[in-house]
Amino acid sequence: MNLHTREAYHEKKTHFDAAFPYNTYLCCIPQDFLSVPLHWHEEMEIIYIKKGRGYVSVDLSSFEVREQYIVFIIPGQIHGISQYGNVRLEYETILFDLGMLESKNLDICTASFFMPLQQSRITGRHIYTPQNPAYPKIAGWIDQADEICKTFPCGYQLAIKGCLFSLFYELLPDWNHSAAQVKIPPSFEKLKKIIRYVESHYQERITIQDAASYCDYSPSHFMKYFKRAMGMSFIEYLNGFRLEKACQLLLASDSTVLEISQEAGFDNLSYFNRCFKKKFAQTPSAYRSMQLHLRQVPD
């Protein structure tokens, strides 16, 4: 449960210790990675902006975020993070399983709040700014949890849970409850499915036919559907995802550009170099040299 960069999280392929499913990550764009591609997971996520500006996308809607903004991502929501121009973005990511707050006996808190939250029967405000009346208390509980995580005193798990219960209490007035589960369009579920497919298979050869078949669409229908939903072609999205992985590898390993291109899913070095230069206006080697130099320069 230590504070660390998101790179470690990706390497571990797990978010936290199952015995206490709560973890925090300190991240910086572009120092740690250039962006966080659209993805989703079953855990609750809090994004706490510490410095700079950027964009957070939630269910395909993009929001500009600045220092002190707090963003809440409920389980199952598609989200991503990107840079605002050349502005550096520093933020904390907090991930936790809502199950850690639930009672096995289905008490009132579980039945009325946490279970509906996991089942998308609660919707509400995503972003809190310092101008929001509830912000001081919301930020206060998150800050208190972070302080606890600096020393891990005996029984810190109890204190973290206490902070989370109090945090949700402050969120409650801005979150809407519905008796029936929110109907998620089937096409949106297909999008989540293909995003998860790319996350799991990006290192393999993936064709339009493969992706279309996975969604039970014809290739032509799939291409139109994906372009309409994401604002880009599937190949653009796939290459972009692979390039982000390549950027992480360029900074985290001593592997050659050829080895990194192959590990990121590109089977042709020339094509990888062309895609990389088109997206980042420099070669992979130049990007690696520049970013490693920037890491050595004091803030």
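Predicted model: local features only at pLDDT ≥ 70, side-chain atom pairs only at ≥ 80, totals over all residues.

Guide: In α7, the buried residues are F222, Y225, F226 and M230.

Visitor: Where do the buried residues of α7 fall, seen down its axis?
Guide: They sit within an arc of 100°, so they line one face of the helix.

Visitor: And which exposed residues are on the face turned away from that buried side?
Guide: K224 and R228 are the exposed residues carried there.

Visitor: How far apart are the end C-alpha atoms of α7?
Guide: They are 16 Å apart. Helix α7 has twelve residues, 219–230, and at 1.5 Å a residue it should span 16 Å, so the two values agree.

Visitor: What comes just after α7?
Guide: G231, which takes a positive phi of about 75°.

Visitor: Switching topic. How many cavities of 30 Å³ or more turn up in the whole structure?
Guide: The search finds one. The largest cavity holds about 30 Å³ of space.

Visitor: Which residues line the largest cavity?
Guide: The lining is made of Y22, I46, I94, W141, I142, A145, C163, L164 and L167.

Visitor: Which elements give two or more residues to that lining?
Guide: Those are α3, residues 135–151, and α4, residues 156–171.

Technical notes: Residues numbered from 1 in each chain as written. Heavy atoms only, no water. Helix = DSSP H or I, 4+ residues; strand = E, 2+ residues; numbered from the N terminus. Expected span 1.5 Å × (residues − 1). Buried < 20%, exposed > 50% of the residue type's maximum accessible area, 1.4 Å probe, protein only. Arc of directions from axis to C-beta. 1 Å grid on protein atoms, 1.4 Å probe; cavity = no way out; pocket = protein on both sides within 12 Å on 5 of 7 lines; lining within 4 Å. Points joined across faces, edges and corners; volume = space filled by probe spheres on them.
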